[in-house]
Each structure stands twice: as C-alpha cells, then as structure tokens.
Amino acid sequence: MRRTLAGLMITALIVVFLSIKLNAFRDYQIAEIGVYVTAVAGLSVLTGLSGQISLGHGAFMAIGGYTSALLLLHLGWPFIIVLLIAAAAPAAAGAIVGIAAARLRGPYLAGATLMLGVALPAIALAYPGTFGGDQGLNVVFTAPGWLGSSFPLTRWQAWVTTATALVTLFLLANLSRSRIGRNWRAVRDDEVAAALAGVNVAMSRVLAFVVSAACAGLAGALLAITTALVAPTAYTITLSITLLTAAVIGGLGTLPGAIWGSLIIVLVPTYITDLATSHGLSTKISANIPIAAYGLILILVMLAFPRGIQGAVRRLFVGFAQHEKEGTSESS
Amino acid sequence: MNPHRRVTSPRPRRALAAIAVGTAALTAAACSSSGSSSTGTPGTGSSSSGGGSNAALTASAPGITATTITIGSHQPLTGPAAPGYSEIAPASNAYFKYVNAHGGVFGRKITYTYLDDGYNPINTSSVVRQLVLQDSVYALFDGLGTPTHLAVLSFLTAQKVPDVFVASGCDCWNAPSTAPDTFGWQLDYIREGKILGQYIAQHFKGKKIGYFYQDDEFGMDGVKGLDYEIPKSMVVARESYAPTNVNVAPAVAALRAAGAQVVVSFSIPAFTALLKLTSLKLSYAPQLVVSNVGSDPITLAGLLQAFAKQGGQTVNGNQLISGIISDGYLPSTGATSNSWIALFKQVHDTYDAGAPFDGNVLYGEAVAYTFVQAMFKAGRNPTRADLVSAIEAGLPQGPAVAPYDYSSTSHFGITGTFIGTITNGALVEQGSALTTDITPTGAITSYTGTEQQAPANGIPSP
C-alpha cells in the first residue's frame, strides 16, 4: 500500500513537472487526458471486471457536468465539495440504472444503456431555463489566489484533473483487489457458481454500476471545468462510444489500459490533423482524416492485440521473463 | 500457495509501472511536437517600433514576424453545419493567397490556419486553445457559429486575442465592455429580423405567420427582431429545432396545424432544406421567408437534391427553392457587372476553383477582404491592441451593401441588407438596401449612400 502511494506521488510529480515544462496547450491536453482516464477507468472496471456493458456513460458524465456547473454557478461552493457531489449524483442514477441492468444481459443491456445515452442529454433541451438549452452553461473556474495571478489556468486544470484521475485509479485498484472486486470477477465468469459460493449477484452488479457512474460523474465535472462549458452537444452518444473505444483499445478491465486508451483518443486526432494540414492536403480530405485514422487504429489494435494495448504490453513483459513464467505455471 | 490468489490478485506494482510508462509516453508525445512554452502574451499596448512608413518590419506581436502574419479559426468542416459553411474558410484563404501573391500586407504574408470543430462547442474549446496557446496566432479570424464561438468568448477575452469578424450574426459579439477584443461582421440577426419582419408585415397583411428557428441565440435574436415588427396577433406558431436533431417533422406538422401561410425560418442551410422537404412530404406549401445564413441558393439546391436522394427520390433543387424570400448584405453572386463580384470571381477562379462560386465563397472572400483592410489600418508593426483600435476607428464600407457600425462603443458590423426573391437559382434584389438599429422602435430606412467600387488591384489601400 505504501509503495502504491509512493508510485502515485511520483506520477503526480512527473505530471507537475511536465505541466510546467510544456506549453499551455499541452497542459490543456494533459487535463483532457485526466478527464478521459477518470471516465474510462470506471467503464473499464464495469465492463472488464463485472462483465456489464454500457453504451451510455456519456449520460453519467452529463449528470456530473451539469451538477457541477449548476453548483458553481448558483451556489459558488468550493470545488472539492462540488466534485464530491458531482460523483454522488450520477452514482445515485447509476444505482437506478444498475437495478434495471442487473436483469438485462448482452445486447439488451447495451440497448438500454444506449437509450440512456441518447435520451438524457436531451433533457437539457427540454428545460432551457435551467440548463441553458442547446447553448449550455458557461462554467467559471479559476486558479486559487495563493498561486499568484500569473499562474496559467490550464496548468491548474491539468493538476486538478490529474490529481482526481490518480486518486480514482488508486481507489479502483484497491477496490478491484478487495472482496468486492473478487465478487465482480466471480459474477462475470460464472453467475451460478458465484451465487452458489454465496455472492449476492444482483447486489454485486448494481454496485459495479454505481462505482462506474461515480467515476463518469467525476469526469463530467472535470470536463466542465476544463472546457469552461457544459452543453448537450458535449455528451452525445459519440462520447459514450469513444469512452468504450478507449477502454477496449487500452485493454478492458485493466487500469493502465485506461491510460493507454485516453492517450490515444486525445493525442491521435491532434497529431493526425497537424500531419494532414502540414502536408498540404485539401480541407475536405484533411478534415476527415482523423476520423478515418481513428477507425483504422481501432481495427489494427483489435487485430494485432485483441486484449488491447495493455494486453500487448503485458505479453511483452512476459516474453522477457519467459523462464520465470514457466516456473510459475509449473507450481500451479 | 493458493493458485487462485495468484490468478485473480491484481498487481498493483505492475499497474503503477504501467502508469509510469504511460506518463513517459505522454512526455515523449508532448515533447516531440512542441517544446516551447510561449503563452501568447497580450500586446504591449503601444507599437514602439511602428509608425514611420519605412520602419523595419519586426515581430511586433504574437503571430507576427518580419515576414508573416499567422491567424487562426474554428470552422465546421465536418458535421451538421458543414454543408455550405465548409466552403467559407477555403474561400477566405483564397483571398489571402491573392493578397500574398500581390505584395502581402506591408510585405508580410498571411498564414491562415483553420481547424475543424464539427460545430460542436466542446471541440471548439479544444481547437481554439490549440490555436492560441500552441500556435500563438495573432488573431482569431471569422470563428464560425453562435453556440461554438460563445464557448470560447471568455477564453479569448482573458487571453486578449483579437477576435475579429465572428461568422455569426448574434448580438453577443457587440460587448465592448465585457468582450473588448471581439467584433461581429455580418448583419446581426436582430437587424435582419427587423428588416424581414417589416417586409412581412407590409406584404403579407392579414396572413397567418409561423416561425421556425434554431433554439439558440441565433434563432432567438432573429425572432426578437421579427417580433419588433410583426404584430403578435399575426403569429400563429413558434417552432424551434435543435441542430443536433434532424427530425423536424413535429415542428413542421405544428406549423401546418396552426394554418401558417407564411413561415419565417431562422435556420442553417441543412435545416432550411429539411423544412422544405418535410413540408413537401406533408403537402404543405407555405410562403418561405428565410434568413440570409440559411438561404444560399446553390447550397440549398444541392442539399435538397442530396437529402431527397437519400430517401430514394429525385427532386429539382432549383425549382423547389424558387420563390423563397430572403435578404442579402453582400451583392448577389449573379450580379456579374458588380465590381466586387468580378474581383471575387477572379480570385475564386484562380485560387479556389474547386468550390462553386456561391454565397458562402463570396462571404469568405468578403470577410477576408475586410480583415486585410483592418490589418493595413493597424499599421506596419501592429500589436494586438493596434488591430482592435484600428477597427474601433471605423472601416470603409467595402463589399457590403450598407456601412459598418464599428466604433469604440459598437462592435456590430454591417448594418443593412436588401430583400430579394430566389429566382432561377439566384437571389434577385428587390429595391434598395435597408438599414436600421437594434432597438425595438428604431426606424428602418433606405440606404442612400453610394456603394464603393472594388479597388482596381483587388487589394485595399493602406
């Protein structure tokens, strides 16, 4: 446990160092990566460990985003408290969805969560007075005064999102190695066997949804302060699919996989756009290349590494330590 | 040792190792493309090295070097607003290429970087930060869209980046006290709504009027202007749409049920086309009055044919849009004898021949012309503040049919427009240009000033 904490501190220090060293736009990208890591890690636990799929996680992010925006706008509460409520509100929604989800399997669960992802952001359109309609709400978020007035906001955003992402990863890592995590795996692998072993299957599945929704809510709040905006167009079904894509590319059920996936979905489109424009391609082509490249990467990763990037990394390490692994398999 | 424990127990150390590896990868990715940390600091106020006509060209502001001016924009190159609007930035770029090939702005060449935001405010946030924080553009030019640009307004203000000639007629860009570096350009929707509203009130007396509008500042500003002129008793239905939802059938059915004989539409081109096609399906044929931004004939005709084709139908786009009433604050693209049209057609044919010469292309070139006008006025070695003061000092009329409103207290652009009817795929002018203000009672008057001729060499004089 102490080593885990030490490792997190080192990671945090590296990010702080990077955020000071790199330009403000890179800080913004670090913040974006922090947002996605938080959401993707939660989704990865839900799908990879408890074996439930969600095509509607964008909706939980929307709940977190709007909750934090409204609290900051009307009540001006300290951000740390706003963040906690932004996790609690979607967790409650996750419990409700989880209860329904506990009865659904495979494509039916996918369909139900898809509906959630499509329908929920539309509520913002139905009540423009509260939620600002299609225009959304502007979120005012500033760096604390003790950092000095010249402290770049993007750096502060990078710090806040990274800190939240790392704490989330730490908690999820502990959770998945606890009794709860073992129950999730047991239910995923064989429900009947799990039930016979005394695991409350329904409770276990609902809990996975609650935890996952809370992570998405946190990510929604972080996205709101990073982009200074919550709007229905931010939480479209595309976002939900992107999160799932990141989880799958990175490696389902693995927390480092959430980082790999997030790095890809944040950095690849910018990189490809830069590449396409610097090669003087026509606008019509260069504008569509990131979307095509994204699809191509997804296909290639799935063909080459069916277990995601983390699966490939793991295989690489296993290859290096071949004889050690052989020893392990003999003993089991 | 229990084998199961080994299989299922997580590997925190390995997890952490991977986190560290992930961070290292981020370092590599981030360092490889840009290592500098220039944060686009605001101009220093006075141009110490400017002034004299022979002063050496210096890097007087972020984005300005001795040889280049770098500006950026967010544009819907993909997504719901892309049809039509995606032609605007390449057209602006065509005009900049023309200027670059003919001496540039005081010898500096303009580099125009426009990034795709898919008309999604979240993407706008991201690409505009890239332009300002990483690419250090001198100014944001012609950022397109009301919901999209509103998402970055406070960011641009905080960074003190000139935010010139936003491609949207929202009155939000006229806020000299809260957004001192932001300027509108095209006719704002309130003025446009008033002018269209007066025309409707005069020409369709006693008819039932229905509104169809985008449910954001764009549509609501337009409706505000319409309501200043059209008596409330004439309006029988007010239906809005969200640009993210292409199902407009319920709105059109409601307009039909209310018996609206005239439908005024403040919509983007794709939704004007959807309105027309859906009405057709419901055998509903009201007189359409469409805001300028949603009525470019070439774009509309193309969209109608494309949408109908998706539904397995063949329609004649030009025939369908014939008779739509709209307005234009730039000369009609069909007016080949107009000196501006001749200039922009020539630039288009040389640098942007792949695109049709339609209202979007004309818009892109005309707004680019205005930017070059402002840059010449800002001086040889301008700071960011110099560009803002140059525009606030007022700009000559240029290609628009009515003058600009620019001053230190108004950041509105073009103040008037002419009414026209789409005939044979082009907007045909009816009567002279009308100008007005944004107040509920401000009079609408015919513009009597003479329109300017395009400069012979196609480049605004310094």
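Modeller: This is a predicted model, and in it chain B is divided into domain 1, made of 68-187 + 333-415, and domain 2, made of 190-328. Taken over C-alpha atoms, the centres of domain 1 of chain B and domain 2 of chain B are separated by 27 Å.

Biologist: How do you know that domain 1 of chain B and domain 2 of chain B are in contact, and how many residues are involved?

Modeller: Two residues are in contact if their C-beta atoms lie within 7 Å, and by that criterion 18 residues of domain 1 of chain B are in contact with 18 residues of domain 2 of chain B. On the domain 1 side, α3 (82-85), α6 (146-159) and α14 (359-378) of chain B each supply at least two residues.

Biologist: Why is Gly94(A) called buried?

Modeller: A residue is buried if 20 or more other C-beta atoms lie within 10 Å of its own; Gly94(A) has 30 other C-beta atoms within 10 Å, and therefore it is called buried. Gly94(A) is placed in helix α4 (residues 79-101) of chain A, and the residues it touches include Phe60(A), Phe209(A) and Ala213(A).

Biologist: What makes β2 and β5 of chain B edge strands?

Modeller: The open sheet has five strands in the order β2-β1-β3-β4-β5 (chain B), with parallel pairing. Because β2 (109-116) and β5 (182-184) of chain B each have a single partner strand, one side of each is left without a neighbour in the sheet, and so they stand at the edges. From one strand to the next, the twist averages 25°.

Methods:
Residues are numbered from 1 along each chain as its sequence is written. Chains are lettered from A and ligands numbered from 1 in the order in which they are written. This is a predicted model: local features need pLDDT of at least 70, side-chain atom pairs count only at pLDDT 80 or more; totals for chains, interfaces and linings use all residues. Domain bounds come from an automatic or database domain assignment. Helices (H or I, at least four residues) and strands (E, at least two) are DSSP runs, numbered from the N terminus. A residue is buried if 20 or more other C-beta atoms lie within 10 Å of its own, exposed if 12 or fewer, and partly exposed in between; C-beta atoms are placed from the backbone. Two strands pair if DSSP finds at least two bridges between them. Axes are lines fitted to C-alpha atoms, for helices over the stretch in contact, and angles run from 0 to 180 degrees between N-to-C directions. Lists of a residue's contacts leave out its neighbours within four places in sequence.
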